[in-house]
Every structure is written in C-alpha cells, then in structure tokens.
Amino acid sequence: MRTLLKEDFEFISDRDISVDENFASQGYWKGVAVHFFRNKFAVTGLILVSVIILFAVFAPLVSSYTYEQIISVTDSSGKEFIAKSLSPQIGASAEQNFFADRTFLFGTDDMGRDLWTRTWQGARVSLIIAFVAIFIDMLIGTSYGLISGYFGGMVDNALQRFIEIAGSIPTLVIISILAIFMEKGIGLVIASLLITEWIGMSKIARAECLKLKEREYVLASRTLGAGSFHIIFKQILPNTIGPIITQVMFSIPVAIFTEAFLSFVGVGIVLPQCSIGSLIEAGFGNITILPYQILPPITVLAILMLGFNLIGDGFREALAPKLEDM
Amino acid sequence: MTKYVAKRILMSVLTLFIITFVLFVLIRIMPGDPFPVERMSAEMILQKREELGLNKPILEQFVNYMSMLLSGSFGNGTSLYNGAPIKPIMTACLINSFKIGVLSILFGTAVGLAIGIVAAINRGKFLDGLCTIVSILGVCIPSYVFMIFLQYFFSYKIPFFPYFFDPSNFLASSIMPSLSLSLFAISTIARFTRNEMLEVMNSDYVKLAEAKGLYGFELIRKHVLRNALIPIVTVIAPLVVSLLTGAMVIEKIYGINGVGKLMVDAIAGQGVDYNYVLALSIVFSALYIGAMLVLDILYGIIDPRIRLATKEG
C-alpha cells in the first residue's frame, strides 16, 4: 500500500463547497428582513416614506424662506409688494413681475408665504405628532396588555372591563371633551391620539401574552426564581415585538390622518404653525380660485398614507410568511 | 340566545350610564363659567348660575340632568347667543346626518359587494387587479381628499351636481356627499368580500357542488355568497362608527346642517356651548353603543356558531 504524500491532496476552492441554501439557518430578524425586501410593494412603501421624511427634514433647512415668513419686495418708490397667491406658473399677473427672479416651486399662499417651505414644514409637524403619539401609545398599550394578559383572573377582568367602557366612547366625543379642556394646537392632537390609539395596541399585546405565558421557557424562568416583572418585560416582551411593530406601522397613518382631520375641522394646529391638515384646510378655502394650493399637501398626505400602509402590509406578511411565498 | 341578548343589552345600558356620568362630571368640574363672564356683572353671573342650577352639589345636578334626559329633553343651550331648547335643533341636524349616513352605507355596501364579487370570480385576471388597486387606494387615501376632488370636478368644473347640500333638493344634492362618504366603505367591503369569497370557493363543499355539475351564477349565489356574507357584518360595525367622524368633515365640505357641524360649532365657535357638547356627546355615545349592540345581536342570529361560542365562554 502506497503512503499518501502531500501531493496527493489539493485544496478545494471555495466554489466547490456547496452550502445548502434551501435549509440554511437564518436568524429570526434576518428572515423577516429578507421577506420584507423581497416584497415589491413593501419596498415601494419604504422608498415613498423615506423620500417624504428626507424632504421633511432637509427642505425647510435649505429653503431660502422660513415657513412663517411673508415674502415681500419694496420697489424704487418705496411701495411694498407682497407675494400673495402666486401660482407656480410664472407671469400671470402684474404683481408677479416683481418676483420674476424668484422661484416658488409650489407657489405662495394667500398671505404671501412660500408653499414649498410650508408643505415640508407641515409634513415635519405631522410626522413628529404621529411618531411621538404612537410611540407613547405603544409604551402604554403594550404594558397594559402584557400586565392584563400575564396576571389574568381578577386583574385581567377589571382591566378588560375598563377597556370595554373606554372603547365604547366614540373618538369624536373624546376629542370634543379634550377640545374644551385644552388649548387648540399640537398638544390637543397628541392627547387625543394618546387616549384613543393605545387600546388596539393593548389588545394585541394581551393576545400575544396569553399565547406565550404557557410556554416552557416562561415556566423555566419562573422555576429559577424570576419575578413577574422580569418575566413580563424580559422574557415575554421581546417575543411580542413583531406583531406590535406591525400594529405601529398601521397606527402611524391613522395618526397622520387624525391630525389632518382635526386641523381640517378647526380644532388642530393653529396659525402661523402649519401641518398637513391645516394646509389642506387653507387650500380648501381657496379651491375654486386657487386650486394649485391644495395639491402639494394632499399629495404628501396620500403618499404618506399609502407608504405606511404598504410597509405595514409588508411587515405583516414578512412576520408570518405563508408556505407558498417561501 | 335570550340570555345572551339580555346580558348584552344590560351591559350596553350600564356602559352608557357610566359614560354619561363621566362626561357630566368632566364638563361640570371645568374651570370657569359656561357664559361670557367678561361681559357680565357679578350679580348677573350669580343670577345666571342660580338659573342654570350650577350652585347645587354636583350629584344633585346629575340627578336633575338624568331625570331631564329620561323625560326626553336635553335642556337649553347655555351660551348667550343661543339659549333656545337643544332638542328641536339637534333633531333637525340628526335627520340630515342620518339620511346621508344611511344612503352612504347602502351605497357602500352594494358597490363594495359588487366589486368584491367581480374580483373574486375573475381571480388573477385584469378585473381583479383593477379592483385590488381601487380598494388599496380607497383604504389609503383619506376620504376627504376624494370628497374635495369630487366636489371640485363634478360640482365646480362640470356643474353637474349642486355644490352644496340643499334639503329641499335632497336627491340631487345628496348624491355627491354620500358617494364620497361611502368610498372608504366601498374599498373595505370590497377587499373583505373578495378574500371571504376566495376562501369559501376553495372549500370542499363548493368543490362538491361543482363536481355535481352546478356552475356559474347559481353556484355563486347558492353556495358561495351565503357563507361569505356572514363575516362581512363585522366590518360594517366599525364603518358605521367611521361615518360619525367622516360626517364632521363632509358636513363642512358640503355645508350640511348636521350633527357633526353642530358639534364643531359648539366646541370651535365663540365660546364653548357646554350643554350642546354634553347633549351631543351623549347622543353620539348612545348611537355608537346602540349600533354595536344591534350588530352583535344580528351576528348572533345570522351565524349560530357565534351563539354556541358565547354560551361556552
């Protein structure tokens, strides 16, 4: 028998190693991300929302006007002209000649403010309201739902009866009562979102908790002497994140819509502050004479709603992929 | 079943009572007076407070208010501009809102069902894609964006429909508002109907019916639709509620004298009219709870499985 020499062996190159791709092990979140980015609609939604957020963050910073600035020029005789209601199409009225060298991408409103800046400032305000309100809602709703689901029995019964009663007050009534107590403005909008939106969040957290608390790992943790607080927030909470994020994605467009709705009926953002809703309200007042004013805020609103809904749908599918999509 | 219904009714009445109490207390503990104090002398304020019974203990006030409610009155408006009885004004507004609401629910259900059925039958074909796009847009784009565009194009650019609502010309002027209010309902119901239909169409008993030689419209009507329709009742409940908030916007856009507008005037007008807010809040809550109750019971009647589940639970 011949002894094996070094020359009998050769290194196999990387390409010869075949890795089983079909059954490759994959982290939970990596799997979710892969499914999410494979979904064309979800990616479209993500792009739409990112573009709007980028504009909302940077457009007001680089604009040559501020959102509350009334733009005017003074001619040689000392007469002041205000850039009132200039449509984006140049050269319609005599007054526009004074502003021929300026560009107003979306035109100006009837007070002489730049609509480009105001639209993105409005988008910024609306997004901040939505994110802040939904974030706090998530904290409240999740804790409430987890506590209710984990302890069960009397605690659950009492907490659920409370939700039942709180949930049967129409949103409109809650907003009206709040409108009496509070000043109109951002605070009122956030408060009404806080009171109404956490209920859905808590229902999802409770349902997840009921499923998870019977699992072995929870029992193991309890056997090792973990307290309720530790089990709820360290053991159960991390496993409920998925459904909660999906709910958050669907709640954000609701929040944006609620803000727009409140400002539109006149109990939301007050001038000279602006939001998507207040811009639509202002545009609606002039729709028959200056229809260009309502287009930018309405388009931004529609893109945001569509984008967040697509992302939410994508998340839901990515978290619970059906067999046929695998 | 009787026990279930009785329990639900009792719960609803109790909930409404608690809500009324909370609303009443909230409005009464509010700082300040319900009338323009800066324009009145000290005696006038005292006299006005006496007149409205605001100097009595809060529980006594609540008992008085409840007995007034139960005798079918909502008291008077509190602001100096409008001290007239609330009930007739509110009734007139309720009728206007109710007409538009019922029209748009009927319209939304009919059109939504039709779209959903067409989409399900033509699954994967062009019509299905079209229906999906329509329903996604309807859910994502707020209805009042549609309303504004509908009004702009079909009432202003092409003056086909009246620009504003006019009770004397009800039929023509209510088409636009109820159509725009129903867009959300159309898209929700269409999406739901399509999914339910597809699920039922894949079930064994429909395959059996097909194997026995049943096909086309007869199959859809007798076997698919009946079973697919049951869960759709559940989507209608939240839709009825969204009508309330939708009504607020639509009444502003089309100038309808309805309850939404009345509420906005009461909170955003000159000086809050406390009694109007209270009366309207109670009516809204009662409508909401009532709608939920009716739909719950209806659901139990249509689908016997629900009844069994609640009996066990």
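This is a predicted model: local features need pLDDT of at least 70, side-chain atom pairs count only at pLDDT 80 or more; totals for chains, interfaces and linings use all residues.
The contact between the two chains involves 33 residues of chain B and 30 residues of chain A. On the side of chain B that touches chain A, at least two residues each are supplied by helices H1 (2-28), H5 (126-140), H6 (143-157), H10 (232-253), H11 (259-268) and H12 (274-302). Of the elements of chain B, H12(B) gives the most to this side, with seven residues. By class, the residues of chain B that form the side touching chain A comprise 28 nonpolar, four polar and one charged.

Within chain A, a packed pair of helices was examined. Two packed helices are described by the angle between their axes and the distance between the axes. For helix H7 (residues 216-223) and helix H8 (residues 228-265) of chain A, the packing angle is about 145° and the axes lie 11 Å apart. The crossing of H7(A) past H8(A) is right-handed. On the H7(A) side, the contact is made by A:Tyr217, A:Val218, A:Ser221 and A:Arg222, while H8(A) contributes A:Ile231, A:Gln235 and A:Ile236. Divided by class, the contact of H7(A) with H8(A) holds four nonpolar residues, two polar residues and one charged residue.

Terms used:
Residues are numbered from 1 along each chain as its sequence is written. Chains are lettered from A and ligands numbered from 1 in the order in which they are written. Axes are lines fitted to C-alpha atoms, for helices over the stretch in contact, and angles run from 0 to 180 degrees between N-to-C directions. Helices (H or I, at least four residues) and strands (E, at least two) are DSSP runs, numbered from the N terminus. A crossing is left-handed if the near helix is turned anticlockwise from the far one by less than a right angle, and right-handed if clockwise. Two residues are in contact if their C-beta atoms, placed from the backbone, lie within 7 Å. Ala, Val, Leu, Ile, Met, Phe, Trp, Tyr, Cys and Pro count as nonpolar, Asp, Glu, Lys and Arg as charged, and the others, Gly among them, as polar.
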